Amino acid sequence: MEWYFRNDQPIYTQLTQQITLAILSGSIPSGGRLPTVRELAAEAGVNPNTMQRAITQLETLGLVTTNRTLGRTVTENAGALEEMRRRLAVECTENFFKEMGAL
């Protein structure tokens with residue numbers, strides 16, 4: 001995964017957004033296993049605590065579930081994934097019109 005960070009938001013928020021996009025786009029498939037927090041943190045070049053905070057956000061959103069024996073996996077709830085895609089599309093569209101209005 002390619003990681004991009006900006007200075008306008010906390011890193012954990014950007015991690016959450018980037019992993020969410022990977023899940024919703026299918027780069028990380030439904031039911032697929034996520035790498036460990038340490039592996040993801042090393043890949044992104046961030047502190048494991050920061051990555052843990054991002055993963056916790058994904059669990060709160062219902063995109064990731066933790067299973068004692070399997071580790072963390074992407075939800076298989078197609079309805080939840082579709083709803084998240086719809087919300088993200090609306091948010092992106094609203095931001096686009098807001099930015100264009102500012103021009």
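A residue is called buried when its relative accessible area is under 20%, exposed when over 50%, and partly exposed in between. Keep these cut-offs at hand for the stops below. The model is predicted.

**Stop 1: helix 4**

Select residues 78-102, which make up helix 4. Within helix 4, pick glutamate 83 and arginine 87, which sit four residues apart, about one turn of the helix. Their side chains meet in a salt bridge, at 3.5 Å from N to O. Is glutamate 83 buried or partly exposed? Its relative accessibility is 33%, so glutamate 83 counts as partly exposed. Arginine 87 has a relative accessible area of 43%, and it is therefore partly exposed as well.

**Stop 2: another pair in helix 4**

Select glutamate 82 and arginine 85. Both lie in helix 4, three residues apart, again about one turn of the helix. A salt bridge links arginine 85 to glutamate 82, and the closest N and O atoms are 3.4 Å apart. Arginine 85 has a relative accessibility of 30%, so it counts as partly exposed. Glutamate 82, at 47%, also counts as partly exposed.

**Stop 3: arginine 6 and aspartate 8**

Move to arginine 6 and show its side chain. Which residue does arginine 6 form a salt bridge with? The partner is aspartate 8, with the closest N and O atoms 3.0 Å apart. Arginine 6 is partly exposed, because its relative accessibility is 40%. Aspartate 8 reaches 59%, so it counts as exposed. In general, side chains of opposite charge can pair when their charged atoms come close. The structure holds five salt bridges, and the pairs picked out on this tour are among them.

**Stop 4: the largest pocket**

Last, select Thr16, Gln17, Thr20, Leu88 and Glu91. Of the 14 residues that line the largest pocket, these lie nearest its centre. The volume of the largest pocket is about 410 Å³. Which elements give two or more residues to its lining? They are helix 1 (11-25), helix 3 (48-61) and helix 4. Colour the lining by residue type: six residues are nonpolar, six are polar and two are charged.

How values were computed:
Residues numbered from 1 in each chain as written. Predicted model: local features only at pLDDT ≥ 70, side-chain atom pairs only at ≥ 80, totals over all residues. Heavy atoms only, no water. Salt bridge = Lys/Arg side-chain N within 4 Å of Asp/Glu carboxyl O. Buried < 20%, exposed > 50% of the residue type's maximum accessible area, 1.4 Å probe, protein only. 1 Å grid on protein atoms, 1.4 Å probe; cavity = no way out; pocket = protein on both sides within 12 Å on 5 of 7 lines; lining within 4 Å. Points joined across faces, edges and corners; volume = space filled by probe spheres on them. Nonpolar A, V, L, I, M, F, W, Y, C, P; charged D, E, K, R; others polar.
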